[in-house]
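Here are my notes for you, with the cut-offs spelled out along the way. Have a look at the model, then read on.

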Amino acid sequence: MRGPPPPPEATLEFGMSLSADAKILIAGSSATANFSVSLTWRSETADDEPAPAPAP
């Protein structure tokens, strides 16, 4: 017996934050960078028309 069909689309999204501090004598400086990555997979059968029903 087969399970349910896979979803037509799946998305994975994650974020990162990087920071750096520099202290030179009495002066200081800092920098921060934020990154966001999003990946989407589409099934080859994912289209506007529904998939045909399996044969009995």
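1. Let me start with Ser-17, which sits in strand β1. Strands here are DSSP runs of E with at least two residues, helices are runs of H or I with at least four residues, and both are numbered from the N terminus. Please bear in mind that this is a predicted model, where local features need pLDDT of at least 70, side-chain atom pairs count only at pLDDT 80 or more, and totals for chains, interfaces and linings use all residues. Residues are numbered from 1 along each chain as its sequence is written, and side-chain values use heavy atoms, with hydrogens and water left out.

2. Is Ser-17 buried or exposed? Ser-17 is exposed because its relative accessible area is 52%; the classes are buried under 20%, exposed over 50% and partly exposed in between, with a 1.4 Å probe and protein chains only.

3. Which residues does Ser-17 touch beyond four places away in sequence? They are Thr-32, Ala-33 and Asn-34, where contact means heavy atoms within 4.5 Å. Ser-17 and Asn-34 are 17 residues apart in sequence, yet 4.5 Å apart from C-alpha to C-alpha.

4. On to the pairing: β1 and β2 run antiparallel and are joined by 16 bridges, while strands count as paired if DSSP finds at least two bridges between them. Lys-23 has Gly-28 in β2 as its bridge partner. The hairpin has two residues between the strands, and Leu-25 there takes a positive phi near 50°.

5. The chain as a whole has two strands and zero helices. Of its 56 residues, 0% count as buried. Its accessible surface comes to about 5,800 Å², with 59% belonging to carbon and sulfur atoms; these areas come from the Shrake-Rupley method with a 1.4 Å probe, and for residues only the protein chains shown count as cover.

6. Finally, Phe-35 belongs to strand β2, and it counts as partly exposed because its relative accessibility is 43%.
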